[in-house]
Amino acid sequence: MTAAAKTDTRALIVIDVQTGFCPGGNLAVPGGDEIVPGINALMVDFDHVILTQDWHPAGHSSFASSHPGRAPYEVIDMPYGAQVLWPDHCIQGTRDAAFHPDLHTDRARAVIRKGFNPAVDSYSAFFENDHQTPTGLEGLLRALNITDLTLVGLATDFCVNFSALDAARLGFDVAVREDLSRAIDLDGSLAAARTAMEKAGVALIS
């Protein structure tokens, strides 16, 4: 009898490496494009690579333009909690929503799209911002017997952070490669995110 092939229980989750979050995009993260070569190189170390993609309809409730008199980066209360109002970004089917052109998307076994519910934003790769509506990522990982996650991408203090916290809460072993992530750092949000991730047991790798 031949030995069964060893199953890789690790997955690389690449968060929102999209044109809209890179220089020239509608919600550019400083240095967002700098991480693409390193992410591409890291992909070859994983059997399982999953990409997430911000995928908003026009007029999304998280856009400042949907709230007359409000400006980008103001915070308002939504039925599900506090919500930062963003510039219009990553609208479905636009160049702004496309993956960075140099990202090796062919390595991905799945793409998880999030933020397409017009009434609820979705930072986390696992849940919308109501913290209840799932994206389906957890089910996929469980079906693949994944136990260990490495997260990279944009932005460290929002979508990477929320994804890492949810992953840890769901019982996965989680590491965030800070060298392959970049932050918006809105009013101290990066320091707060790092503290929260460390408290949740997420390994921060620089």
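**Terms and values**

Tutor: Let us begin with C90, which is found in the loop between β4 and β5. The model is predicted, and in it local features need pLDDT of at least 70 and side-chain atom pairs count only at pLDDT 80 or more, while totals for chains, interfaces and linings use all residues. Residues are numbered from 1 along each chain as its sequence is written, and side-chain values use heavy atoms, with hydrogens and water left out.

Student: Why is C90 said to count as buried?

Tutor: Buried means under 20% relative accessible area, exposed means over 50%, and partly exposed covers what lies in between, with a 1.4 Å probe and protein chains only. The relative accessibility of C90 is 0%, so this residue counts as buried.

Student: What is the phi of C90, and what kind of value is this?

Tutor: The phi of C90 is near 50°, a positive value in a residue other than glycine. Most residues other than glycine have a negative phi, and most peptide bonds are trans. D185 also has a positive phi, of about 55°, although it is not a glycine. It lies in the loop between β7 and α4, and its relative accessible area of 43% makes it partly exposed. Just after α3, G171 takes a positive phi of about 100°.

Student: What kind of peptide bond joins L154 and A155, and what is its omega?

Tutor: That bond is cis, with an omega of about -10°. A155 lies in the loop between β6 and α3.

Student: How do you know where a helix or a strand is, and how many of each does the chain have?

Tutor: Helices (H or I, at least four residues) and strands (E, at least two) are DSSP runs, numbered from the N terminus. By that rule the chain has 4 helices and 8 strands, and their order from the N terminus on is β-α-β-β-β-β-α-β-α-β-α-β.

Student: What makes the chain as compact as a globular protein of its length?

Tutor: The radius of gyration is taken over C-alpha atoms, and the globule rule is 2.2 Å times the number of residues to the power 0.38. For 206 residues the rule gives 17 Å, and the chain has a radius of gyration of 17 Å, close to that value, so it is as compact as a globular protein of that length. Of these 206 residues, 50% count as buried.

Student: Why is helix α3 described as largely enclosed?

Tutor: Helix α3 (residues 156-169) has 14 residues, and 10 of them are buried, so the rest of the structure largely encloses it. The buried residues include F158, C159, V160 and A164. Among the elements that cover them are β1, β4, β5, β6, β7 and α4.

Student: How do you know that D16 and K114 form a salt bridge?

Tutor: A salt bridge is a side-chain nitrogen of Lys or Arg within 4 Å of a carboxyl oxygen of Asp or Glu. In the pair D16 and K114 the closest N and O atoms are 2.7 Å apart, so the pair meets the definition. It links distant parts of the chain, 98 residues apart, with D16 in the loop between β1 and α1 and K114 in strand β5. D16 is buried at a relative accessible area of 0%, and K114 counts as buried at 1%. D16, D54 and K114 are linked in a network of salt bridges.

Student: How far apart are the closest N and O atoms of E178 and R194, and is each residue buried or partly exposed?

Tutor: Their closest N and O atoms are 2.7 Å apart, and the two residues form a salt bridge. The pair joins strand β7 (residues 173-182), which holds E178, to helix α4 (residues 189-199), which holds R194. E178 has a relative accessible area of 19%, under the 20% limit, so it is buried, whereas R194, with 29%, is partly exposed.

Student: How many salt bridges does the structure hold?

Tutor: The structure holds 9 salt bridges. Another of them joins R177 and D179, at 2.8 Å from N to O; R177 is partly exposed with 21%, and D179 is partly exposed with 31%.

Methods
Contact means heavy atoms within 4.5 Å.
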